[in-house]
Amino acid sequence: MDSSSTRQYSREDVALHNKKGDLWVVIDSKVFDLSKFANLHPGGLAVLLDKSIAGKDATEAFFGLHRFDVLQRPQYARLQIGVIGDETPSRFPREDGALSMVPYAEPAWLTEGLVSPYYKDHHRAFQKETRKLVDKIIFPDAQAVQENGEKPSQHVFDEMTKVNLNAMRLGPGEHLKGRTLMNGTVTPEQFDYFHELILFLETTRLHARGYHDGLAGGTAICLPIIANFARQDIRERVLNEIFDGKKLACLAISEAYAGSDVSKIQTNARKTKDGKHWIVNGTKKWITNGNFADYFVTACATDKGLNVLLIERGEGVATRHVDTGYGHSAGTAYITFDDVQVPVEHTLGPEGGGLNVILSNFNHERWGIAASTLGAQRMIVEECMKWAAQRKVFGRPLNSQPIIRSKLAAMIIRIETAQAWLEHITYQMANMNFKQDSSRIAGQIALLKVHCSQSAQETARDAVQIFGGRGLTKTGMGKYIQRYTNAVMFDSILGGTEDVLGDLGVRLAIKQIPRNSLL
């Protein structure tokens with residue numbers, strides 16, 4: 001800040017500058033000279049010449065219309081010419097890595113004075129370091145590329161590689177051995193599913209859901225398949241390329257003809273006469289990360305049943321963007337395979353065993369989607385809490401209205417119940433092997449994912465009502481609400497639709513009812 005912006009004025013000094021060509025205002029104890037800017041004001045000159053604004057304290061009016069970050073933009077920050085006496089501004093940008101002080105903006109275990117049986121000191125250190133990475137590196141890039149359809153910037157992948165973030169996306173395991181995780185806040189031996197949960201919750205703090213999936217979502221959901229079913233030499237090469245931020249992968253299952261019903265997949269693979277290659281033909285649609293991917297974990301129909309193949313981008317593989325409201329930076333793609341040669345060594349799992357390969361991944365994928373949905377939803381609750389406190393209606397804060405408090409209460413109930421259920425399931429995952437995981441909590445994970453995606457939709461509706469027209473506007477106070485509303489339905493489809501997963505959860509429960517459980 002230069003010396004002119006720290007020059008002190010009195011409110012009487014400011015009051016003398018209240019007309020066109022000589023116009024000052026006070027915003028949060030800071031003095032701004034709008035004399036030259038007034039004619040360029042997007043809201044028109046008349047707004048600034050209003051007798052309650054010109055030469056006056058315009059703090060309440062300003063924050064009723066603008067976000068705090070507007071004052072931080074260079075073109076507006078340079079309009080500041082001083083401060084009011086020794087007054088201290090009440091609004092400050094949150095420091096990188098810091099927690100929000102807004103109630104329910106953070107999970108309960110991060111709230112001062114509350115305790116949790118799940119998290120240890122290394123979880124807390126890990127969360128803080130992850131938050132710093134998100135705030136300093138990932139968030140700015142997310143805002144820059146969310147709408148332009150570009151792949152997340154390479155420097156973000158490079159920074160993620162430094163802390164081994166992509167390796168941690170695979171969860172706990174031997175693949176972490178010898179790696180320094182999140183600047184040494186946790187050892188590979190300590191890393192558990194709660195650390196991975198923290199990753200999901202923190203990396204969705206972007207107000208850019210499409211960007212999040214373009215950055216890691218598409219790759220994360222296929223990593224377990226590569227790790228568990230690829231031949232060792234192929235597994236090590238591909239995973240290291242992904243962990244090092246050099247390559248991306250995607251899970252290519254859905255088709256225009258086959259969504260949740262994988263038995264209807266039409267993309268086919270036929271072996272060459274010498275048996276050394278598969279020849280793949282077909283299409284895939286709505287594939288997250290597909291536009292950016294270097295590897296495609298692809299479900300194919302064969303003479304012996306369903307197979308999953310690891311296909312590298314190359315001759316015969318073409319991708320094009322699928323235009324959705326999700327955000328272009330998700331890299332959502334339509335993929336065509338035209339006589340693509342795939343070495344048989346790239347078969348993932350046994351021939352004809354593709355269905356089991358796909359099913360083996362669903363629990364981890366749906367758990368991650370539930371966490372991502374909750375992380376994004378909690379940020380919307382924070383937006384609504386802030387807005388309801390600062391917005392004035394009928395001369396009183398918006399949160400003085402009982403109907404608004406009722407909506408906020410419903411939002412809080414939804415995120416806190418989802419958080420508790422999510423942490424309970426995560427604890428089970430941390431104390432079960434893979435076989436137990438599949439048989440004991442698959443139904444709970446399916447139902448949790450349904451709960452999170454349905455509650456997210458309810459929160460989106462409530463948020464639009466709280467923000468009004470601003471909640472449907474791409475810029476300004478409600479821009480994050482608008483983005484969220486545009487993207488919220490995607491989580492109801494990803495990993496299986498709500499109807500399919502709800503039915504799955506109940507069918508699995510029905511199977512476990514003892515035969516002697518009669519009324």
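Student: How do the residues of the lining of the largest cavity divide by class?

Tutor: The model is predicted, so local features need pLDDT of at least 70 and side-chain atom pairs pLDDT 80 or more, while totals for chains, interfaces and linings use all residues. Numbering starts from 1 along each chain as its sequence is written, and side-chain values use heavy atoms, without hydrogens and water. Ala, Val, Leu, Ile, Met, Phe, Trp, Tyr, Cys and Pro count as nonpolar, Asp, Glu, Lys and Arg as charged, and the others, Gly among them, as polar. The lining of the largest cavity divides into 10 nonpolar, 5 polar and 3 charged.

Student: What volume does the largest cavity have?

Tutor: A cavity is a set of points on a 1 Å grid where a 1.4 Å probe fits but cannot get out. Its volume is the space filled by probe spheres set on the points. There are 2 cavities of 30 Å³ or more. The largest has about 180 Å³.

Student: Which elements give two or more residues to the lining of the largest cavity?

Tutor: Of the 18 lining residues, H207, A208, R209, A376 and Y484 are closest to the centre. Helices here are DSSP runs (H or I, at least four residues), numbered from the N terminus. The elements giving two or more residues are α9 (209–220), α12 and α16 (479–487).

Student: Which element gives the most to the lining of the second largest pocket?

Tutor: A pocket is an open set of grid points with protein on both sides within 12 Å along at least five of seven lines, and lining residues have an atom within 4 Å of a point. This one holds about 1300 Å³, and R67, F68, F92, R94 and K386 lie nearest its centre among 33 lining residues. α5 (121–145) and α12 each supply at least two. With 7 residues, the top contributor is α12.

Student: How many residues of that pocket lining are charged?

Tutor: The lining has 16 nonpolar and 6 polar residues. The charged ones number 11.

Student: Is α8 parallel or oblique to α12?

Tutor: Axes are lines fitted to C-alpha atoms over the stretch in contact, and angles run from 0 to 180 degrees between N-to-C directions. Under 35 degrees counts as roughly parallel, over 145 as roughly antiparallel, 65 to 115 as roughly perpendicular and the rest as oblique. The axes of α8 (residues 193–203) and α12 (residues 354–390) come within 8 Å and cross at roughly 45°. So α8 is to α12 oblique.

Student: Which residues of α12 meet α8?

Tutor: Contact means heavy atoms within 4.5 Å. From α8 come Y193, E196, L197, F200 and L201. Their partners in α12 are H364, W367, G368, A371, S372, L374 and G375.

Student: How are α5 and α8 oriented to each other?

Tutor: Their axes come within 10 Å and cross at roughly 25°. Therefore the two helices are roughly parallel.

Student: Which residues of α13 does α8 meet?

Tutor: The axes of α8 and α13 (residues 402–430) come within 9 Å and cross at roughly 145°. On the α8 side are Y193, F194, L197 and L201. On the α13 side are Q419, L422, E423, T426, Y427, M429 and A430.
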